[in-house]
Amino acid sequence: MRFFQELTKGFWKEIPPFRLVLGLCPALAVSDLCSKAIGMGLAVTFVLVCSNVLISAMRNVIPPKVRIAMFIIIVATFVVIVEMVTHAFVYPLYQQLGIFIPLIVVNCIPLGRAEAFANKNGVMLSFADGLGLGLGYTIALFVLAAIREVLAVGTIYGYQVMASSFKPFLFAKEAPGAFVFLGILLGLMNLASSKK
Amino acid sequence: MSKFLLMVISAVLVKNILLAQFLGNCPFQGTSKKMDTAMGMGMAVVFVLTLAGAITWAVQTFVLEAFDLVYLQTIVFILVIATLVQFVEMFMKKAMPPLYRALGIFLPLITTNCAVLGVCLLNIQYEYNFVNSVVFSFASAAGFGLALVLFAGIRERFAISRIPKSLEGTALGLVTAGLMALAFWGFTGMVKG
């Protein structure tokens, strides 16, 4: 039962980057198109699941004094794997995400979960935690990207949804729009959960 | 000389690392509640990022490229930055206690500031030489500091304003950052390309 609790908390209760204010930079930078958002979300999910499982399996072996350095190396290893795989098999995505793939190392979600969760819990629970938060992050990025893509280009994931007379709202695509829409979305989430 | 000036203006105002390239947002939201913490964080970033830019450039050129190990770039850079931060902290504690007291608590946070790793990677991506890398690192960090201090100035006023309950904290912080980004966007025409 605990397994499902840890899995589902990532979808609403602790959904990053809203509840858990980590990983803001990529959330702002790659959320102008849905395809980029999903690619980024899945990359983070992969790194998070792998690093959580490995760290929780090694939690009794890692000396507490050097644990942060160990965590960084473990996370960085999986990030390099993602970097190489996307470079080899999905080159267009690799080019679009660019510098933000190596920056998953310092995106704080994998490192934060390693310190706060995987270091203290068993392998199965850490797996659920990583998967839940990773998918939650993907959903959050997708929602933000869908809003911005509809307003800026009139499409969702490349499919036309607005009438052809729709005038693109370029503000949503540029940097200021990213900040404003993420802020508004966060405010709406706070409002929704305070009503309950 | 004018080339460097252009580079500095471009990195500080036009392509501001924080507001136009979205790097370093976590400390931006975290340390901007008060003016003095914002100043401390800004100065610590300027110091570490300039050093890190120089050192990672040297590591890339003389170690990674020389021995054909470029695929290790991400791991090596993050380790170099983490070690550098630790080293700077120890050195400051011993040699410059007043500066250490001012910047000390911000130093460990810098390792996971994506602006630092981001700028080091950009230096390599843009194929800058050593001097350009150092200037670009310094200018980017100065842009980060400028945005952070300006933002803290605005944010201090939140304390005396009436804010809708659901927008308190990060939500309004992000919207404010968006409006600031809009202001910085106005500089776009200044530098071409």
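1. Let's start in chain B. The buried residues of helix 9 of chain B are A171(B), L172(B), G173(B), L174(B), V175(B), T176(B), A177(B), G178(B), M180(B), A181(B) and F184(B). Here, buried means under 20% relative accessible area, exposed means over 50%, and partly exposed is in between (1.4 Å probe, protein chains only). Helices (H or I, at least four residues) and strands (E, at least two) are DSSP runs, numbered from the N terminus.

2. A word on what you're looking at: this is a predicted model, where local features need pLDDT of at least 70 and side-chain atom pairs count only at pLDDT 80 or more, while totals for chains, interfaces and linings use all residues. Residues are numbered from 1 along each chain as its sequence is written, chains are lettered from A and ligands numbered from 1 in the order in which they are written, and side-chain values use heavy atoms, with hydrogens and water left out.

3. Back to helix 9 of chain B, residues 170-185. Its 16 residues reach 22 Å from first C-alpha to last, close to the 22 Å expected at 1.5 Å a residue; the expected span is 1.5 Å times one less than the number of residues. Its buried residues pack against helix 8 (175-195) of chain A, and also against helix 1 (2-14), helix 2 (25-30) and helix 8 (130-156) of chain B.

4. Over in chain A, have a look at helix 6 (residues 109-118). Seven of its ten residues are buried, so this helix is largely enclosed by the rest of the structure. Those buried residues pack against helix 1 (2-8), helix 3 (34-57), helix 4 (67-89) and helix 7 (123-152) of chain A. R113(A) and F117(A) are among the buried ones.

5. Both turn up again with D129(A), a residue of helix 7 of chain A. D129(A) is buried, at 0% relative accessible area. Setting aside neighbours within four places in sequence, D129(A) is in contact (heavy atoms within 4.5 Å) with E6(A), K9(A), N52(A), R113(A) and F117(A).

6. F4(A) sits in helix 1 of chain A and is partly exposed, with a relative accessible area of 49%. F4(A) and L125(A) are 121 residues apart in sequence, yet 9.0 Å apart in space, C-alpha to C-alpha.

7. On confidence: pLDDT is the predictor's confidence in each residue, from 0 to 100. Chain A has a mean pLDDT of 87, with 99% of its residues at 70 or more. Among the elements of chain A, helix 3 has the highest mean (93) and strand 2 (residues 159-160) the lowest (79).
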